[in-house]
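Subject: Structure for you to look at

Hello,

I am handing over the structure we spoke about. Please look through it first, then read the notes that follow.

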Amino acid sequence: MGYEKSKLAFNSTSYKRSVRAMFSRSQILSTAWAMYRRHFAARPHLKFKFDRSDFGFYLATAWRNAKASALSLVERRTEALANQIEALSFKTLRYDTAPMRRALESQMSAFSA
């Protein structure tokens, strides 16, 4: 039994590695640099100085775009609905989020069915 668990864990780890390997990291990094340079090109009043947190934002955006382009249309819509449902928890108590949540969950269930 212990062997089967370790074998399963190894397979899930190798699966995660193979999923990660299907993205071109050099392309993602190049895209992030292009977005970072575009940011400064559009704002000539800013001095071009490397900032890790700003570049990190563009790198995360490039990864998010790469992962989104690998998803099908239904998967993208389902993920967008899940993000909207998660964002409801950050609304103030002024808003009644229960009907909004039900509407989003019904849309999500319609996509998964």
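The charged end of Lys91 is placed over the ring of Tyr95, at 5.1 Å from the ring centre. Please keep in mind that this is a predicted model, so the notes here describe a prediction.

On the overall fold: the protein contains 5 helices and 0 strands, and along the sequence the pattern reads α-α-α-α-α. The protein has 113 residues, and 15% of them count as buried.

The search of the whole structure gave 12 aromatic pairs. One of them joins Trp33 and Phe55, with 4.5 Å from centre to centre and 35° between the planes, which makes the pair tilted. Trp33 belongs to helix α2 (residues 25-41) and Phe55 to helix α3, so this pair ties together parts that lie 22 residues apart in sequence. Are the two partners buried or exposed? Trp33 is partly exposed, at a relative accessible area of 27%. Phe55 is buried, because its relative accessible area of 10% falls under the 20% cut-off.

Tyr36 and Phe50 make another pair: the ring centres are 6.0 Å apart and the planes stand at 65°, so the pair is edge-to-face. This pair also links distant parts of the chain, with Tyr36 in helix α2 and Phe50 in the loop between α2 and α3, 14 residues apart. Tyr36 has a relative accessible area of 0% and is buried, whereas Phe50, at 44% relative accessibility, counts as partly exposed.

Nonpolar core

Which residues make up the largest nonpolar core? There are 10 in all: Phe23, Ile28, Ala32, Met35, Tyr36, Phe40, Phe55, Tyr58, Ala62 and Ala66. The elements that contribute two or more residues to this core are α2 and α3. Helix α2 supplies the largest share, 5 residues. Tyr36 and Phe55, described above as members of ring pairs, are both on the list of core residues.

Largest pocket

The largest pocket holds about 270 Å³ of space. The lining residues are Phe23, Ala60, Trp63, Arg64, Lys67, Ala68, Ala70, Leu71, Arg76, Glu79, Ala80 and Asn83. Helix α3 gives the largest share of the lining, 6 residues. By type, the lining of the largest pocket divides into 7 nonpolar, 1 polar and 4 charged residues. Phe23 is found in the pocket lining and is also part of the largest nonpolar core.

Helix α5

One residue to look at in this part of the chain is Arg102, which is placed in helix α5 (residues 97-112). Is Arg102 buried or exposed? Arg102 is exposed, because its relative accessible area of 53% is over the 50% cut-off. The C-alpha atoms of Arg102 and Ile85 are separated by 9.2 Å, and the two residues are 17 residues apart along the chain.

Regards

Technical notes
Residues numbered from 1 in each chain as written. Predicted model: local features only at pLDDT ≥ 70, side-chain atom pairs only at ≥ 80, totals over all residues. Heavy atoms only, no water. 1 Å grid on protein atoms, 1.4 Å probe; cavity = no way out; pocket = protein on both sides within 12 Å on 5 of 7 lines; lining within 4 Å. Points joined across faces, edges and corners; volume = space filled by probe spheres on them. Helix = DSSP H or I, 4+ residues; strand = E, 2+ residues; numbered from the N terminus. Nonpolar A, V, L, I, M, F, W, Y, C, P; charged D, E, K, R; others polar. Phe/Tyr/Trp six-rings, centres within 6.5 Å; stacked < 30°, edge-to-face > 60°. Buried < 20%, exposed > 50% of the residue type's maximum accessible area, 1.4 Å probe, protein only. Lys NZ or Arg CZ within 6 Å of the ring centre and 35° of its normal. Core = buried A, V, L, I, M, F, W, Y, C linked by side-chain atoms within 4.5 Å.
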